[in-house]
Each structure stands twice: as structure tokens, then as C-alpha cells.
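Here is a friendly briefing to read alongside the model. Please keep the sequence and the 3D view open as you go through the points.

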Amino acid sequence: MRPDFGKVDLDRIYSTSIEEENESSMVNIYPSPASYSVTIRGAENATVQLLSVAGQIVYTENNLSYESTIDVSRFERGIYFLRLTIDDKGTEDFKLIIAR
């Protein structure tokens, strides 16, 4: 029998200065892997940056709405990091896979 360790968020890479997490402050990023677009829900007024695995910023958008869609069709397939900066909550990075 396989042990149950509960729910693990494998897309979360690290967080800095996140004061508290609760159901009302959850951010959803989907789909991953993505082919043409990525939706970010729950990050109103945040800044989003898409970084290559080398750390190069390839996309930036400020002042996201509650639900924002990013066109990722122009980026090469591979692994990226989506960095969200929310003024009162800090910065959080998520792994994003772009596949075709």
C-alpha cells in the first residue's frame, strides 16, 4: 500500500515574503503544459514575468486583472518560470511548460 502524504503542489518552486495563504488568496495558473495560452486567475493588480530557464525575462505584463490570459504561442517549447509579484503578498515563482 502506498502512503498518502496529502496534496502536494508540484508547480510551486519557491516563495518569498508570502505572509499568509488561505483559500481567498489562492492563485491558479493553467494549463501546464500550455500550447497557446496560459490563464492566471486570482492575481489582480499583480505583475507577471515569464523567465527562461537561463533566467532571461522574455515577457512582462503589469496590473493583471482578476483573470488574465497570456499568449505563449510565440515562445519556443520548453520549461519556463512564471514569476508573480503581488505588492502586499510578495513574489512567487511557478514552473510553466510550453509544449506543442
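Gly-78 has Ile-98 in S8 as its bridge partner. Strands S7 and S8 pair in the antiparallel sense over 9 bridges, where pairing takes at least two DSSP bridges between two strands. This is a predicted model, in which local features need pLDDT of at least 70 and side-chain atom pairs count only at pLDDT 80 or more, while totals for chains, interfaces and linings use all residues. Residues are numbered from 1 along each chain as its sequence is written, and side-chain values use heavy atoms, with hydrogens and water left out.

**The S7-S8 hairpin**
- A hairpin of 3 residues joins S7 to S8; strands here are DSSP runs (E, at least two residues), numbered from the N terminus.

**The open sheet**
- Three strands make an open sheet in the order S2-S3-S6, with antiparallel pairing.
- Strand S2 (28-30) and S6 are the edge strands, each with a single partner strand, so one side of each has no neighbour in the sheet.
- On average, neighbouring strands of this sheet are turned by 15° against each other, direction ignored; the axes behind such angles are lines fitted to C-alpha atoms, and angles run from 0 to 180 degrees between N-to-C directions.
- S2 pairs with strand S3 (residues 37-41) in the antiparallel sense over 3 bridges.
- Asn-28 has Arg-41 in S3 as its bridge partner.
- As background, strands of a sheet pair through backbone hydrogen bonds, either parallel or antiparallel.

**Aromatic rings**
- The structure holds 2 aromatic pairs; rings of Phe, Tyr and Trp (its six-membered ring) pair if their centres lie within 6.5 Å, and planes under 30 degrees apart count as stacked, over 60 as edge-to-face and the rest as tilted.
- Tyr-59 and Phe-75 form an edge-to-face pair, at 6.4 Å centre to centre and 80° between the planes.
- That pair links distant parts of the chain, 16 residues apart: Tyr-59 is in strand S5 (residues 57-61), and Phe-75 is in the loop between strand S6 (67-71) and strand S7 (78-86).
- Phe-75 and Tyr-80 have ring centres 6.2 Å apart and planes at 55°, so this pair is tilted.
- Tyr-59 is buried, Phe-75 is buried with a relative accessible area of 10%, and Tyr-80 is buried with 8%.

**Cis peptide bonds**
- The peptide bond from Tyr-30 to Pro-31 is cis, with omega near -10°, and Pro-31 is found in the loop between S2 and S3.
- Ser-32 and Pro-33 are also joined by a cis peptide bond, with omega about 10°; Pro-33 has its place in the loop between S2 and S3.

**Positive phi outside glycine**
- Asn-45 has a positive phi of about 65° although it is not a glycine.
- Asn-45 lies in the loop between S3 and strand S4 (47-52) and counts as exposed at 52% relative accessibility.
- Asn-63 also has a positive phi, near 55°, in a residue other than glycine.
- Asn-63 is found in the loop between S5 and S6 and is exposed, with a relative accessible area of 58%.

Notes
Helix = DSSP H or I, 4+ residues; strand = E, 2+ residues; numbered from the N terminus. Buried < 20%, exposed > 50% of the residue type's maximum accessible area, 1.4 Å probe, protein only.
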